[in-house]
Amino acid sequence: MFDVAIILINYNSSEHSINCIRSIIDKTSKEINYQIIITDNCSQNEDYLNLKRFCDQANYPNLQLHRNTINSGFGAGNMFGTHYANSKYLAFVNNDTLFKNDCLSILKKALDTNPDIGIAGAQAYKENGDFMISLDHFASPLREIIGRSFLETINPKRYPNRKKKYSKPIQVNFIPGSFMFIRTIDFNNVGGFDTNIFLYYEETDLCIRLARKSKFAYLIPDAEFIHFHGISTEKSLAIKKELKISLLYIIRKHYGFLGHKAVLFFLIIKYFFSSILKPKNWSLFLLILVGAPLSKSLKTKQKIANL
């Protein structure tokens, strides 16, 4: 059994995957016994072959590449990768990242010495070295309606300042999905990722379920990495729609009928007026007006490839 299985998803971004893998190998202590498992989430053939050539030539025995026949999204793509894992810990790492230091050893030590930590994240930095927010508050009716800043003002213990740079480990609501480190047993006990979600809020959902079992999320700032945010997911109206679909699904799942209706009503009002000022938002408003159901998700538009 390995100490850690690192799960990466590649989607038409093989050069970033290659650079990420190189940084993992370069920065990780030889005392850590780890495997790297790549899920290729049905990339274009040229991109997949570029990554396959690298893996074949890398001469690293614990590097695996597995090709998915469909773009199954973030959660399902990671779940696909876990089928090949044999480890005490799982590290879900975005392929658009580079390790700045020995993140795996630092995070492993944190979980080894503190049983209260259910899932841990590292401190992210931008490509230019600037600090990047690496914690957040659960998606909830309160957060969506009154905002993060107000929550941090009225209850800073429960809602720590996201924009502050911390020097010591701190318990948070959840850590971003770009770097998540968790015990395999805890991940399995809560059922892993909810594969109903195609993109966004998977980490929120996972951390809520862990917290209900007294397995809390922590930011471990000594572990540091660079995040080239959004490399494989370009900003578009379709992505904005996916964000709202996932958000409303999470709210309904964890806060019930009334919480869902409160957020839905708030978003309808917000995007009605937003669409008057920005007509391109009308289709987003109409999606929210019908409840932004999962049936409208990009997940339903994916097709199985004939590989």
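Trainee: In which sense do S6 and strand S8 (residues 179–183) pair, parallel or antiparallel?

Mentor: This is a predicted model, in which local features need pLDDT of at least 70, side-chain atom pairs count only at pLDDT 80 or more, and totals for chains, interfaces and linings use all residues. Residues are numbered from 1 along each chain as its sequence is written, and side-chain values use heavy atoms, with hydrogens and water left out. Two strands pair if DSSP finds at least two bridges between them, and Ala120 stands opposite Phe181 in S8. Over two bridges, the sense of S6 and S8 is antiparallel.

Trainee: Over how many bridges do S6 and strand S9 (residues 216–227) pair?

Mentor: Ala124 stands opposite Phe225 in S9. S6 and S9 pair in the parallel sense, and the number of bridges is eight.

Trainee: Why is strand S6 (residues 117–125) described as largely enclosed by the rest of the structure?

Mentor: Buried means under 20% relative accessible area, exposed over 50%, and partly exposed in between (1.4 Å probe, protein chains only). Strand S6 is largely enclosed because the count of its buried residues is nine of nine.

Trainee: How many helices and strands are there in the protein chain?

Mentor: Helices (H or I, at least four residues) and strands (E, at least two) are DSSP runs, numbered from the N terminus. By that rule the protein chain has 10 helices and nine strands.

Trainee: What is the radius of gyration of the protein chain?

Mentor: The radius is taken over C-alpha atoms, and the globule rule is 2.2 Å times the number of residues to the power 0.38. For 307 residues the rule gives 19 Å, and the chain is close to that, so it is as compact as a globular protein of that length. The radius of gyration of the chain is 19 Å.

Trainee: What percentage of the 307 residues in the protein chain is buried?

Mentor: The C-alpha atoms fill a box of roughly 55 × 50 × 40 Å, taken along the principal axes. Within the protein chain, the buried share of the 307 residues is 54%.

Trainee: Is Ile245 buried or exposed?

Mentor: Ile245 is found in helix H9 (residues 237–277). Its relative accessible area is 2%, so Ile245 is buried.

Trainee: Which residues is Ile245 in contact with, leaving aside its neighbours within four places in sequence?

Mentor: Contact means heavy atoms within 4.5 Å. With those neighbours set aside, the contacts of Ile245 are Leu287, Ala292, Pro293, Leu294, Lys296 and Ser297.
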